[in-house]
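Please look over the structure shown below before reading on. The briefing takes up the record's annotations and then turns to strands and helices.

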Amino acid sequence: MHQEPIAIKIPSATRKQITLAKQQRESEQREISLIRDIWSLIKPDFLLMCCIVLTAIAAAFIQLQTPIITGELINVISSGSSALLASAGISQLNRPAMKLFGLLSAQGVLTFAHISLVSIFGENVAKRLRAQLFAAMVRQDMAFFDSNRSGELVGRLTTDVADFKHTFKQLVTQGLKSVTQTVGSAIHLFRISTPLTLTMLGTMPILYVLLNVYGAYLRKLSRVGKNIDGQASGVAGEVISNMRTVRAFAAEEKEMNHYGQACDKLAATSRKLGFHIGMFQGMTNVSIGCMVLTVLYYGGSLVVRNELTGGELMSYMLSTQTAQQSLVSLGVLFGQTIKAAASATRVFEFIHLEPAVSINGGNTLSNVWGDVQFQDIEFSYPSRPDHQVLNSFNLHVPQGTTVALCGSSGSGKSTIASLLERFYEPASGTVFLDGNDLSEMDPSWLRQQIGFINQEPVLFATSILENIRYGKPDATMEQVQQAARQANAETFIESFPEGYDTIVGERGAALSGGQKQRIAIARAILKDPKILILDEATSALDSESEKIVQDALDKVMKNRTVLVIAHRLSTIRAADMIVVMGRVPGNIIERGTHDELMAKRGAYFKLHNQLETAEQL
Ligand SMILES: Nc1ncnc2c1ncn2[C@@H]1O[C@H](COP(=O)(O)OP(=O)(O)OP(=O)(O)O)[C@@H](O)[C@H]1O
């Protein structure tokens, strides 16, 4: 018998409680996983960390002894002055003075050892964290890079890791020392005089409130300042990396004003912060002074009543100072730790992010023919899921043929190339290579079989040789030269005084567009790919460079499966089949050979309309 599911109505207050409990559980899990992550990060340096803990505790312990011995010294001095003529007076000073000297020296050595060890430890941890984070970033899907700005990613590698390292180092140095000193001083203070300590503790709440309330406000101001600082750096970074565009639009003045405004805002916030830090410091000094005065006043009365010696009062004052300093630094550290935990959470969030398509793993083929087939592909980009780019897309590119995709901007031509490279996965449908499902193949291996040349080749700021070798790092010099020859690049490379060792500048800025493109072609063909994707490879060039590059491409297209994404007819003419594309629905408007399309009047006009340089028809 069919039974209707029973709907249980949960009152909204209970729902709220459930949500809160869930949020709390999630936050607890986050904390636990953060602790686990930090532990795995520091585990390789566990021994080093033990040494750091030992040196910190030993240094703090010695510092606690200093007021006691100073007190002894003062007692000897004051008792010596009353019996000034006693010959033993000066020699009595020697023992506590030597003890104090020994303590100070030991503290110096321990401080040195501690700081050096912490520095090694901090750098090791930061190195591991950076490497893990960078490795996690480079293995992410392309969708990840669509939704995260490169500046922000670099920021995580630099600022977030630096924040984490700094606070972590502070925690193991200052934190350990402060805790030991606070506990030790408190014991010492109670031992010298319990009433005096209780009186002093009575004044503490004022200082505590001051430190916390004002401290929180200062931290907020500092956070705002940091954001504005980041924005100002963003403005400067964008202008510097796009200097050619800025210059071409004569926008220097505008950008100077833009940056100037950002700096004005930053200066105003920093001034405000400076003012409040001054106020904070002043108020803290007055409060601490009042506290000291209270101790001195009440302590002095105890000395007058012979309930305390002068040396003990001195020792008490010094211990109070140590305890105060430790408490203040613990307060500051607490704030920093919250900030660093946020940075660390962000960093580990990326480290744990699993890409939908991992960079390797899967099937490989011992022999690739290069037969490509797209079957019933549906696709939209993960960053824009509501915008369908491909709808029931079907295309067969037989082995060794050239298929040209042309059509209006945004019709999905480059997307098809990205799916073939497995930069993205189709929502449904299958891409086949030699009859094998691409989604079961090793992505790295697959990309080795594909040469990709686009409109704006990206070169790295290193030598021509290194750039060509990027496609195959173990290629011999002869192979590199042969690839350069095929790409019509050899003559211009050899005309440079440094030849293959010529540095190409950032993004290849020291080369012409045609030269960059030919190096990109050499780089692509060095892999000897079975499949070639040419995404408007010549459209950014003038007609003379275009001819040289096209000659090079004609050579490398032979005997390969080629997918040409084109606006220009010169490339399309070489195609065995032309596919005229339009936007969803129905991506493909027409398909056929050049002559077939020309023969169909309607198709001719569709093609004509889709080509940006239609005058060449
Ligand atoms: N990384 C991306 N994230 C989100 N949407 C994207 C992304 N890349 C492209 N698109 C969108 O997908 C659609 C198809 O883009 P695609 O680049 O494939 O078109 P195209 O035909 O190659 O265009 P063009 O000829 O202008 O290069 C466009 O609407 C575009 O805005």
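For "transmembrane region", the UniProt record, an unreviewed entry, lists residues 46–62, 68–88, 100–121, 198–218 and 275–298; its positions are given in the numbering used here, its feature names are shortened, and its annotations may be inferred rather than shown by experiment. The model is predicted, so local features need pLDDT of at least 70 and side-chain atom pairs count only at pLDDT 80 or more, while totals for chains, interfaces and linings use all residues. Residues are numbered from 1 along each chain as its sequence is written.

**Annotated spans**

- Residues 100–121 are 100% helix and 0% strand, with the end C-alpha atoms 31 Å apart; here helices (H or I, at least four residues) and strands (E, at least two) are DSSP runs, numbered from the N terminus.
- Residues 198–218 are likewise 100% helix and 0% strand, and their end C-alpha atoms lie 30 Å apart.

**The sheet**

- An open sheet is formed by 4 strands in the order E2-E1-E4-E5, with antiparallel pairing, where two strands pair if DSSP finds at least two bridges between them.
- Its edge strands are E2 (388–397) and E5 (436–437), each of which pairs on one side only.
- Strands of a sheet pair through backbone hydrogen bonds, either parallel or antiparallel.
- E1 (residues 372–380) runs antiparallel to E4 (residues 428–433) and is joined to E4 by 5 bridges; in E4, Thr-430 is the bridge partner of Gln-375, and Ser-428 is that of Glu-378.
- E1 also runs antiparallel to E2, to which 6 bridges join it, and Val-372 stands opposite Val-397 in E2.
- Helix H10 (residues 413–420) lies across E1, E2 and E4 and runs at about 115 degrees to E1; axes are lines fitted to C-alpha atoms, for helices over the stretch in contact, and angles run from 0 to 180 degrees between N-to-C directions.

**The H13 and H15 pair**

- The axes of helix H13 (residues 477–486) and helix H15 (residues 513–526) come within 8 Å and cross at roughly 125 degrees.
- H13 and H15 are therefore oblique to each other, since angles under 35 degrees count as roughly parallel, over 145 as roughly antiparallel, 65 to 115 as roughly perpendicular and the rest as oblique.
- Gln-479, Val-480, Ala-483, Ala-484 and Gln-486 in H13 meet Ala-522, Ile-525 and Leu-526 in H15, contact being counted if C-beta atoms, placed from the backbone, lie within 7 Å.
- By class, this contact of H13 with H15 has 6 nonpolar, 2 polar and no charged residues, with Ala, Val, Leu, Ile, Met, Phe, Trp, Tyr, Cys and Pro counted as nonpolar, Asp, Glu, Lys and Arg as charged, and the others, Gly among them, as polar.

Key
Two residues are in contact if their C-beta atoms, placed from the backbone, lie within 7 Å.
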